[in-house]
Amino acid sequence: MAEGTRVIEVVPYDPAWKTEFEKIKAKIDSCIGDLILTIEHVGSTSVEGLCAKPIIDLDVVMDSYDLLPSIIERLEEAGYEYQGNLGVEGREAFNRTFDDGFMKYHLYVCPKDGKGYLEHIAFRDYLRGHPADRDAYSALKLHLASQFRHDIDQYCDHKTEFVTAILNKTIYRHEASRHQIHLSNGEIWNGQDFPALFYPVDWGPVQAVFKLTDQVTEEALVSNVSIVPCIGDNYVVIQAANGMWELPGGTLEPGEHYRNALRREVMEELGGELLSYQVFGQFYCESSAEQPFRAHIPHPRFIRVAGYGEVRLVRPPLTPDHGEQIAVVKVVDITEAVGILEAAGRYDIAELYRLAHIIRYQSSSMTLPSTEIFDIFNTNMQKIGTASRQEAHAQGLWHQTFHCWIIHTSSTGDLSLLFQLRQKDKDTFPNLLDISCAGHLSTNENAEDGIRELQEELGIDVAYNELFSCGVVAEENIISQELVDREFCHVFLYECNQPLHAYKFQLSEISGLFLIDLNDFKQLISGGRDSVLAKGVVMDELQEKIHEDTREVVLTDIVPHDPKYYDLIFQQIHSLINHG
């Protein structure tokens, strides 16, 4: 919720903010009260006892985007300027162009199920109920306001880790819990024990997801490498000249192998020699920026490698002019290392140190998931074991998947199905239209765990109880002698009428989204017509801009399914629409 100010001003909590919010709320309600669900006070001024920039943030909640044009018209008549989403999906901004006598405020209109709105409420409510974390956030804000007094972007960016950690304890707790580490003593560590790591985070224009792996999966995509440095049982932590505690490592130079880059970074930032290095995770990153951070690194997809290793300190840090300027190098035990980093608000780095420590001392009997592991079933859907993804497909073993078809209803009541356009470099069915959202279920997962695919592939947050279950369908697809896909598909329907451009689709999987009229599609499947019209949006070749696209689609343009599969889908859509 940043605004362009010359000087960042963070002040103690003022009880008058609550009164001011009520006055602004009453004014907005008088304009559009019949079009909205509620108006929420969010942001730091909404938390009693929390210091803040003296600006009121309001989220105006609407039932759906269908109401947005009427809301825009009313607010513009009242003197507000519509600014679009300002680059943030699911949040429409308005700027007052008149003096209404109130203190400065930001006005946003959000759908009731919008990601930004749900995050605002979760963060606000958590801080209201946890005074210790509220006070820690106050201290962090005051420190950053002092350090970045004239740089609002840096001020906001350095709050991200704290905010992400809180969200991963609350609204995204289920997502984090999917990641498990099995220890030699039988103990299981869940992703929720590392909330700052195991959920997608935003680093400015970059979205990143951390995943455990013991190897570098795609060296050509590596842009950065980092290390949790160890000396015996202790750990090395570093503080930059600007006061921030950092994770040692950095960006690869042109043509540089990641291990050579790490040796260079260890000498520059620690004054040390690299003795060993073990990868234990990767940040899978995707940038929305038009240009890469540096011209030679991969874009828009790239990988940041994380690991731990032994180092030997031999001299003061080199701190070259073009690199990180390091002021402090300390050798401490794991408890002190984590404490230093958490006190500085570097929660993701603290969790990397904790995770490295666990892996180091459990490595004799601990396996990191470098590949996907599936539960394997017999033809009666009885579990008979587990296998890797590669084994399941090579041997034609039965495993589970999650399918969700999204139904779109137009303003005239016509029904359409949403299709995703698979990326042209996919191993199977490249550049074909496919189910709205689908994915494999890993070992010990059930159908409910599959809802993560809706967030990962389409950027929408959906509760399991919002889905309409069609049941389980057994499908067999012999793609080649080396690839036999046998799936028990958990099939669901979901009604969603948001515009196609509002979806935030996963560029590594999807290159576009299309709507096809349901009745036309039925006739295509039955052979009653040769082609249908598909209307949608497609990402350009550079993966920078989305443009509208209309095309004629024949049956071979669509990933094949058994006719009985489609019969079930059509029957269940009829049941959902006519009987709820």
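1. Helices (H or I, at least four residues) and strands (E, at least two) are DSSP runs, numbered from the N terminus. In that scheme F402 belongs to strand 20, which covers residues 398–409. The model is a predicted one, in which local features need pLDDT of at least 70 and side-chain atom pairs count only at pLDDT 80 or more, while totals for chains, interfaces and linings use all residues. Residues are numbered from 1 along each chain as its sequence is written, and side-chain values use heavy atoms, with hydrogens and water left out.

2. Is F402 buried or exposed? F402 counts as buried because its relative accessibility is 0%, where buried means under 20% relative accessible area, exposed over 50% and partly exposed in between, with a 1.4 Å probe and protein chains only. Once its neighbours within four places in sequence are set aside, F402 is in contact with residues including C437, L441, I451, L467, H490 and F492, contact being heavy atoms within 4.5 Å. K330 lies 72 residues from F402 along the chain, and the C-alpha atoms of the two are separated by 48 Å.

3. On annotation, UniProt places the feature "domain: Nudix hydrolase", from an unreviewed entry, at residues 220–355 and 397–538; its positions are given in the numbering used here, feature names are shortened, and annotations may be inferred rather than shown by experiment. In the model, the span 220–355 is 24% helix and 40% strand, and its end C-alpha atoms lie 26 Å apart.

4. Strand 10 (residues 222–231) is largely enclosed by the rest of the structure, because nine of its 10 residues are buried. Strand 10 pairs with strand 16 (residues 301–313) in the parallel sense over eight bridges, two strands being paired if DSSP finds at least two bridges between them. In this pairing, G309 of strand 16 is the bridge partner of P229.

5. Strand 10 also pairs with strand 13 (residues 249–251), in the antiparallel sense and over three bridges, and there V225 has G250 as its bridge partner. Strand 11 (residues 234–240) runs antiparallel to strand 10 and is joined to it by two bridges, with N234 as the bridge partner of I231. The hairpin of strand 10 and strand 11 has two residues between the strands, and in it G232 takes a positive phi near 65°.

6. How many cavities of 30 Å³ or more does the structure hold? The structure holds one, a cavity being a set of points, on a 1 Å grid over the protein atoms alone, where a 1.4 Å probe fits but cannot get out, whereas a pocket is an open set with protein on both sides within 12 Å along at least five of seven lines, and lining residues have an atom within 4 Å of a point. The largest cavity has a volume of about 70 Å³, a volume being the space filled by probe spheres set on the points, which are joined across faces, edges and corners. Its lining includes T160, E161, T164, W203, F283 and D348, and helix 6 gives the most to that lining, with three residues.

7. The second largest pocket has a volume of about 1600 Å³. Of the 50 residues that line this pocket, N224, E246, R304, E324 and R346 lie nearest its centre. Helix 8 (residues 258–270) provides the largest share of the lining, four residues.
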